[in-house]
Amino acid sequence: MAQTATALLSSNSIIPDGSAVGIVHFDTDAETKAAITVIESQADRDSLLLAVPTEADGASTSIGDGLAKCRQVILDSCKRKIFFKGTVGFLFQTVWRCAP
């Protein structure tokens with residue numbers, strides 16, 4: 001999971017500069033690991049990479065909590081295209097377009 005997130009976040013062709021990225025981690029509950037960050041430099045990418053969870057915390061997955069947390073983070077800063085990566089055994093990515 002962490003390898004995939006690292007590859008995606010490291011690739012300017014997949015997630016170009018100017019993209020807004022947030023990271024939510026979920027297992028038995030959900031938490032924001034990185035608030036929405038507009039990638040404008042390598043330092044922004046490095047900061048997001050440090051927020052990527054490297055291990056699953058629990059044996060169960062509450063995807064409903066993860067999606068609810070993603071929705072809340074999006075609503076809190078809904079301005080640009082946003083990529084979310086949720087971890088705990090499964091990778092999902094969603095690109096959202098929000099009105100300014």
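Of the 100 residues of the protein, 36% count as buried in this model, which is predicted. The accessible surface comes to about 5700 Å², and carbon and sulfur atoms account for 52% of that area. The secondary structure consists of three helices and four strands, arranged from the N terminus on in the order α-β-β-α-α-β-β.

Strand β1, which spans residues 20-26, is mostly covered, with seven of its seven residues buried. In a regular strand the side chains alternate between the two faces of the sheet. In β1, A20, G22, V24 and F26 point one way, whereas V21, I23 and H25 point the other way, and the residues of both sets are all buried. A hairpin of three residues connects β1 to β2, and the two strands, of which β2 comprises residues 30-38, run antiparallel and are joined by six bridges. Within this pairing, H25 has E31 of β2 as its bridge partner.

The largest nonpolar core contains 11 residues, namely A5, L8, L9, I15, V21, I23, A34, I39, L48, A51 and V52. At least two residues of this core are supplied by each of α1 (2-10), β1 and α2 (42-51), and the largest share, three residues, comes from α1. Another core, of five residues, lies apart from it and includes F26, A30, C70 and V73.

Key:
Residues are numbered from 1 along each chain as its sequence is written. This is a predicted model: local features need pLDDT of at least 70, side-chain atom pairs count only at pLDDT 80 or more; totals for chains, interfaces and linings use all residues. Side-chain values use heavy atoms; hydrogens and water are left out. Buried means under 20% relative accessible area, exposed over 50%, partly exposed in between (1.4 Å probe, protein chains only). Two strands pair if DSSP finds at least two bridges between them. A nonpolar core is a set of buried Ala, Val, Leu, Ile, Met, Phe, Trp, Tyr and Cys residues joined through side-chain atoms within 4.5 Å. Accessible areas come from the Shrake-Rupley method with a 1.4 Å probe; for residues, only the protein chains shown count as cover.
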